[in-house]
Amino acid sequence: MKCEKGHMLLYAVTDRAWTGRQSLYEQVESALRGGVTCLQLREKALDEAAFFKEAAEIGSLCRQYGVPFLVNDNLPVAIASGADGVHIGQSDLGVREARALLGSGKILGVSAQTVEQARRAVQEGADYLGVGAVFPTATKTDASPVPLPTLQAICQAVEVPVVAIGGIGRENLLSLSGSGVQGVALVSAIFGARDITSACRELRALAEQMAGNTPSERN
């Protein structure tokens, strides 16, 4: 699957810390019904067999909705489960190596926090960049902040889609208008919501408004 700019608009990243009333599968389906445009499965504690089984099931669900399905960090699980791609960080497998193993027909996302990291990732094969944390976040407490001017500079420096991540919710999403990002990646704002489908519908509308704005419209 080719990475399209529209895929990045409302990008959901799973976190099973929010499961309870619903299983992760049910939460994902609720998010898909609400209009998420991309889904990343993030698991840090499952063993490989359980991770593969979950990836295969949720990947199949995403295909029913026509939404790209990506796996966080784990390239073997991404390939074996038939995922549309993988997202890796700066401390994971190298971008060039990941692209070689993944092939040209899959989506490769890379985390970046500086213009230098962003340019290098794109040169080595990244299809899109995840940049953050743009706001303080409890989901990933070790994430260093990325100031708005740096986010803007990254967007200006690369031609691939840029997704903002970290501490984004309905109360601050529109403050990213004019930054140049093509979308937002959300964790707790989606999976911590009592009504995930309704939350996603509201967030989708805000993301569309944000992406349609320009710096002149914001000021």
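Mentor: One term before we start: a crossing is right-handed if the near helix is turned clockwise from the far one by less than a right angle, and left-handed if anticlockwise. Also, keep in mind that this is a predicted model.

Trainee: Okay, in which hand does helix 5 pass helix 6?
Mentor: Helix 5 makes a right-handed crossing with helix 6.

Trainee: Which residues make the contact?
Mentor: Val 115, Ala 118 and Arg 119 come from helix 5, while helix 6 brings Ala 153, Ile 154 and Ala 157.

Trainee: Switching topic, how many residues has the largest nonpolar core?
Mentor: The largest nonpolar core has 60 residues, and Phe 69, Leu 129, Val 162, Val 184 and Ile 190 have the most contacts inside it. Helix 8 (residues 196-212) gives the largest share of this core, seven residues.

Trainee: And what is Ile 190 in contact with, leaving aside neighbours within four places in sequence?
Mentor: Ile 190 is in contact with Ala 12, Ala 31, Val 36, Ile 196, Cys 200 and Leu 203.

Trainee: Back to helix 8: at what angle do helix 1 and helix 8 cross?
Mentor: The axes of helix 1 (residues 24-34) and helix 8 cross at roughly 40° and come within 7 Å. The contact divides into three nonpolar, four polar and three charged residues.

Key. Residues numbered from 1 in each chain as written. Predicted model: local features only at pLDDT ≥ 70, side-chain atom pairs only at ≥ 80, totals over all residues. Heavy atoms only, no water. Helix = DSSP H or I, 4+ residues; strand = E, 2+ residues; numbered from the N terminus. Contact = heavy atoms within 4.5 Å. Core = buried A, V, L, I, M, F, W, Y, C linked by side-chain atoms within 4.5 Å. Buried < 20%, exposed > 50% of the residue type's maximum accessible area, 1.4 Å probe, protein only. Axes fitted to C-alpha atoms, helices over the stretch in contact; angles between N-to-C directions. Nonpolar A, V, L, I, M, F, W, Y, C, P; charged D, E, K, R; others polar.
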